[in-house]
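Subject: Structure handover

Hello,

Here is the structure you asked to take over. Please open it alongside this note.

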Amino acid sequence: MDKIPTVCPYCGCGCGLYLCVENDNIIGVSPVRNHPVNNSSLCVKGWNCFEFIQHPDRLRYPLIKEGGSFRQASWDEALKLIAARFSRIKESSGSDSIGIVSSAKCTNEENYLMMKFARAVIGTNNIDHCARLCHSSTVGGLAAAFGSGAMTNSINEIAYARLLFVIGSNTTEQHPMIGMHMLDAVDKGAILIVADPRRTQIAEFAHTHLRHRPGTDVALLNSIMNVMIREGLVDIPFVKRRTENFDSFKDTVMKYPPEVAERITGVSAEDIKKVARVYATEKRSMLFYSMGITQHITGVDNVCACANLAMLTAHIGLPMTGLNPLRGQNNVQGACDMGALPDLYSGYQKVADPKLRKKFEMAWRVKLPSTPGLTLIEMFDSALKNDIQAMYIMGENPVISNPDASHAWDALKSLDFLVVQDTFLSDTAELADIVLPAATFAEKDGTFTNTERRVQKIKAAIKPFGESKPDWEIICALSREMVYDLNYRATHEIMEEIALLTPIYRGILHHRLDNNYGLQWPCPDVTHPGTPFLHRMKFAKGLGTFMPVTFVPPAEIPDKKFPFILTTGRTYFHYHTGTMCRRTSTLEREYPECLMEINPRDADSLRIKNMDKVRVSSKRGTIIVSAYVTERTPEGIVFIPFHFKEAAVNLLTNPALDPSAKIPEYKVCAVNIEPVK
Amino acid sequence: MRNSLVLDKNYLSYWLRQIRQKMSLIAPIRVGNLGVVLKTVENIHEIELNCPASIPSAKEFLFPQKEDMFRLSEGTVDILRNDTKRLIFGVRSCDISAIALLDRFFGENFVDDYYMSRRVNTIFISIVCNNPEPTCFCLGLGTGPFLKSNFDIQLTDIGDRYIVETYSKKGSDLIKDYYYLFSKPKKSDYETQYEILLSSQASFEKRINLENARQKILIERISDPFWDWIGRRCFECGGCVYECPLCTCFNVLDRVKSEGSGTRFRIWDACMFKGFTKIAGNIWPAEKKGTRIKQWYFHKLLYYPDHFGKFGCVGCGRCTITCPGHIDMATIVYKIDIGDKRRR
């Protein structure tokens, strides 16, 4: 039996684990001892992350759709056909009529190649991936405030913090190993403040639990800062020395005294004052946030408010402090770092900057497009308008994951040509003209970057299933068909090119990562040990900028016809659209059907009993789910996870977008609920 | 019959290399900075005996997390049993004690062919723990740090040599062919060994008394709020069960490829999951985490002694290391023992 060290393919924690291999079969998993993230533990998904790898549903060979159904094809035939169709569309309607969707599930090397493929081979900046749907507001908001959109501190610092402020994150369920460090901190006497409408597991350990109404985060945070300014809790030397734009920020914040915020958020003024005092006065305060902050039409504003809070109290740029966005996918940080974004090259280098573009043009020996491309949701809108005629989707399932999912379905249906590259025949792949079988994390080499910017090596444990190939090999083969030679013998060669062109990854090379805990970027040279926390002495962009933000209510507010607020998210046992976890027996057994959490008082008034079927409808669609009556969810709010295609909650969600980050408002929409007779 | 010999440390790799010609060799190997794991040895010099006792247990070599049982295709059945001959070198006494109990569980009333086929083809060479870890508590359970019986071969590190004790026939067969490598122990060797065993026993930091906890549970009855208070901290990861060298629950599932063909496999399961006890009619009898945790502790502390006359715990401390909520055997037994029924 061999044991191959690799990284868990589920959430952004990036836990180290071994895959146990016997006769080319993966027969188990065991956690890496003393890993800085998971420290000998794993969550249930990690312990069961191997079962889907050799599932018979895996795609074995390329598929070509003919007359409405798929037939088996050879790699050569499929790639030639794709190359021909892409070239024809590129010639007839221009490069910008092709959209590329990269994947936060794929490695850094693959994301880098995909972005190179889009820009150098196709010639478009229309490349995006699912970070648009989770943390695009972080990337935008923190770039404006600090100059770098990533978790500022490290996971193994958490246990030594004195105060943890967790807002909009169900940490113990969505980032269990980070939740573990948080419980350690609480055991050591740290104060825990949780702001979440739902009473999550982490909230049960909280010393103060603020149950604000969904979508009122700006009001809550502004009034906390209001108290700090009025009570003299601001770190004046820090604000003077290291930040700018304080005065206009102060004017805005003064409009949110706790009494006003109490009316907006439903959190008592006393609690707001209490939180402000303790957050500001504790020396080592860490702030964590996740989807509860970002997935709003005010996503960027929410992120800015968090950044303001950290700067106002100088809880940044030191160990055990900082502003810590928890990234959802195993490599969503890496996919952003690699520039699978319409306006950025790898390492957050702007496409619009002529000097930087010149650098990439020289390295890739091709003219590159200068205007930023379309974002994920905009691509689907353009597809409906026929501006986008072809799409190449790698490892994503937008038919289930995009807001107002029927819109995504219509958009993909209206395309002339769709290529989907995935490990399973997902709902999106079913709409494709050509499906390419990809290898899973256990069948390829590469690197993943976790939420704390730790770049870790993954290693092939077995040969790819059937005829499937690693994504990077597929992209290389396709580019060769399109007469641009992406030629790499192995993934470490791609990493060398990334290091060459990306200052924050300059010192990160595969041989430094082998059988090791990885390196945290920025890592400017090959002897650099990595950076555990950012913004020491100076922000990435020089001075930190206070961004004044005002409260804007959610795009959809409950009314007579749709009286409940629906908020969506994940559950502990499942993950996103369920492609992997719903093929894992233990996980599927633990949470076999979609459950809508509803408060007992609401359930009573609607005459719904536990596990009754209910019909949930919004302006956009209707689904039928079972009701789970629980105090976890407050009155007037219901929660539905988005893993289940048989009850796809994204048929209901509102595709209203944040104006700058273009992130949809998954966390609030108005719905009506009625029992099914 | 216990038999002692002495092996010069310089001869160890030669001996293992000779044995490896007849069977595959599994031993603790260092994987860069990531630590040590038990795996098939490629280079004998990579064997790392100076490793913590709590590396993942040898259970997975006899009862893997996922094991294919048979394959069905077009009316023919392939029974998939693993009968590779293996030597597992460098495991600790707690693991050997656990395997002695697994042998009874999988072989006494109902013989589990899959386990037995792997078991009869496996020989263990265990090594006495000279330096127990802070998480270890095998001493009080009699499952370590060294064994007096029920092992194949046991090594004690006495500096430049090993005392090699054989107990089973399988063990002595492994030495028989290479008698020229071994010599008779001197009196001073026995003395050194005795000193090492004493100092090892003295260096245990944890003194956990499972019997006291058992008595407390039987006589005083632990209240449900205590278990619920523990349950709040449970992450439902199943890690305690997966890591435990004595937990044996599995689920049997079919993976159907197409009609008439597919594979039946079994996969580790855990009583820490609420679906473990799910019954017809969509009823979940153990929906509360506290109930499930109580069941695990009752099984280990009460039901195991009733069945096998021994606790369902060998004191290896792996649950202490793996539990993200720190509600492991040592912590809970200590809480029960000192009467901590706090419910915050």
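Predicted model: local features only at pLDDT ≥ 70, side-chain atom pairs only at ≥ 80, totals over all residues.

Residues are numbered from 1 along each chain as its sequence is written, chains are lettered from A and ligands numbered from 1 in the order in which they are written, and side-chain values use heavy atoms, with hydrogens and water left out.

**Pockets**

A pocket is an open set of points on a 1 Å grid over the protein atoms alone, where a 1.4 Å probe fits, with protein on both sides within 12 Å along at least five of seven lines. Lining residues have an atom within 4 Å of a point. A volume is the space filled by probe spheres set on the points, which are joined across faces, edges and corners.

The largest pocket holds about 1200 Å³. Its lining has 39 residues. Nearest its centre are A:Tyr628, A:Arg632, B:Glu236, B:Glu287 and B:Lys289. Elements giving two or more residues to this lining include strand E26 (622-629) of chain A and helix H10 (289-308) of chain B. (Helices are DSSP runs of H or I, at least four residues; strands are runs of E, at least two; both are numbered from the N terminus.) By class, the lining has 13 nonpolar, 8 polar and 18 charged residues. Here Ala, Val, Leu, Ile, Met, Phe, Trp, Tyr, Cys and Pro count as nonpolar, Asp, Glu, Lys and Arg as charged, and the others, Gly among them, as polar.

The second largest pocket has a volume of about 950 Å³. A:Val139, A:Ala143, A:Gly147, A:Leu344 and A:Tyr348 lie nearest its centre. H5(A) gives the most to its lining, 6 residues. That lining divides into 20 nonpolar, 13 polar and 6 charged residues.

**Helix H9 of chain A**

H9(A) covers residues 217-230. After H9(A) comes A:Gly232, with a positive phi near 70 degrees.

**Chain B**

Chain B has 12 helices and 12 strands. Its C-alpha trace spans about 65 × 60 × 40 Å along its principal axes. Of its 344 residues, 57% count as buried. Take contacts (heavy atoms within 4.5 Å) between residues at least 6 apart in sequence: 73% join residues at least 24 apart.

Best wishes

Methods: Expected span 1.5 Å × (residues − 1). Buried < 20%, exposed > 50% of the residue type's maximum accessible area, 1.4 Å probe, protein only.
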